[in-house]
Amino acid sequence: MATRTWVPPGGGPYDLDRTLCVLARGPGDPAYRTTPDGSLWRASRTPEGPGTLRLTARVGEVHAEAWGPGADWLLEHLPTLLGESDVPAAFTPRHRLLHEAHRRNPGLRLARTGLVLESLIPSILEQKVTSDEAYRAWRRLLQRHGEPAPGPAPEGLRVMPDPRAWALIPSWEWHKAGVDTKRSATIVRAARAAARLEETATMDEPRASARLQLIPGIGPWTAAETLQRTHGSPDAVTVGDLHLPRIVGYALTGFRGADDEAMLELLAPYEGQRHRACRLILLSGVVPARRAPRFSVRDFTRM
């Protein structure tokens, strides 16, 4: 076991759970776990191999323990993961709701993982399906093709497969996980180009987004969802989402029918900080009332 302690710069408040919760893919994510003692566990595949990270928030600091071949990498990049390079003060609220959300979440920072496939693959799984479908697929694929997290990790914590293992998942396994051919083919293409895609973690965001979108099946929505996590991007706003434009439009104007164009117009005053504005809007809990039943979860295994 290796350890490290991180102190948030400036001595201000820090919210570990809200900073990292966007990295969890659903409540049953096999690579992310919170335990009753208040610890947060993550299992990652780093450039040096699999690693397990246990984080505990203390007064004014975060204590980290790590295990596995990737332990040193995880601890070296701990400050970046926890949002040390993020600058919350760069955000200036221009709407009462955002001002209040910003005030109520002073410890929120934007996490930066530096691990591209770790964020890209679940984002591909989330294309054009319900969240429940995507989370179920992610759980099954990690349980079937991942490996146990190193160290004294909670039972069931899993490290995602390496690129070769992703590329070799047979068609019937994708089918059993509820993943259609289009998404599985995109993941396989991404896995085969893993080395080139992982390089985007050190690129500026426009170049990183452009390279990600060279892979057929990866568009602006998937690239933005990835960059929000790999780069901690404060501006990578998700365009093409089914719900986000309506939520942003309702929160800022009370109008329920906003589309992408209207959303971007509303977010224009926050250029450079549009993703942070969306995070704060979502944290405010101000969303339009549902007027239709939820989409049913499709069972691909019966098709």
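**View 1. α12 gives the most residues to the lining of the second largest pocket, four of them.** The model shown here and in the other views is predicted. The pocket has a volume of about 210 Å³. Two elements each give two or more residues to its lining: α11 (205–212) and α12 (220–230). The lining residues are Glu205, Ser209, Gln213, Pro220, Ala223, Ala224, Leu227, Asp235, Ala236, Val237, Val239 and Arg274. By class, seven are nonpolar, two polar and three charged.

**View 2. α11 packs against α12 at an angle of about 135°.** The helix axes lie 9 Å apart. Angles under 35 degrees count as roughly parallel, those over 145 as roughly antiparallel, and 65 to 115 as roughly perpendicular. The pair is therefore oblique. α11 passes α12 in a right-handed crossing. On the α11 side, the contact is made by Glu205, Ala208, Ser209 and Leu212. These meet Ala223, Thr226 and Leu227 of α12. The contact residues comprise four nonpolar, two polar and one charged.

**View 3. The largest cavity holds about 130 Å³ of space.** Its lining has 15 residues. Closest to the cavity centre are Leu23, Ala31, Arg42, Glu118 and Trp138. β3 (40–46) and α5 (116–125) are the elements that give two or more residues to this lining. β3 supplies the largest share, with four residues. The lining divides by class into six nonpolar, three polar and six charged residues.

**View 4. The second largest cavity holds about 60 Å³ of space.** In total, the model has two cavities of 30 Å³ or more. Lining the second largest cavity are Arg42, Leu53, Trp73, Leu74, His77, Leu81, Arg112, Thr113 and Leu115. Five of these residues are nonpolar, two polar and two charged. Arg42 lines this cavity, and Arg42 is also one of the residues closest to the centre of the largest cavity.

Terms used: Residues are numbered from 1 along each chain as its sequence is written. This is a predicted model: local features need pLDDT of at least 70, side-chain atom pairs count only at pLDDT 80 or more; totals for chains, interfaces and linings use all residues. Side-chain values use heavy atoms; hydrogens and water are left out. On a 1 Å grid over the protein atoms alone, a cavity is a set of points where a 1.4 Å probe fits but cannot get out, and a pocket is an open set with protein on both sides within 12 Å along at least five of seven lines; lining residues have an atom within 4 Å of a point. Grid points are joined across faces, edges and corners, and a volume is the space filled by probe spheres set on the points. Ala, Val, Leu, Ile, Met, Phe, Trp, Tyr, Cys and Pro count as nonpolar, Asp, Glu, Lys and Arg as charged, and the others, Gly among them, as polar. Axes are lines fitted to C-alpha atoms, for helices over the stretch in contact, and angles run from 0 to 180 degrees between N-to-C directions. A crossing is left-handed if the near helix is turned anticlockwise from the far one by less than a right angle, and right-handed if clockwise. Contact means heavy atoms within 4.5 Å.
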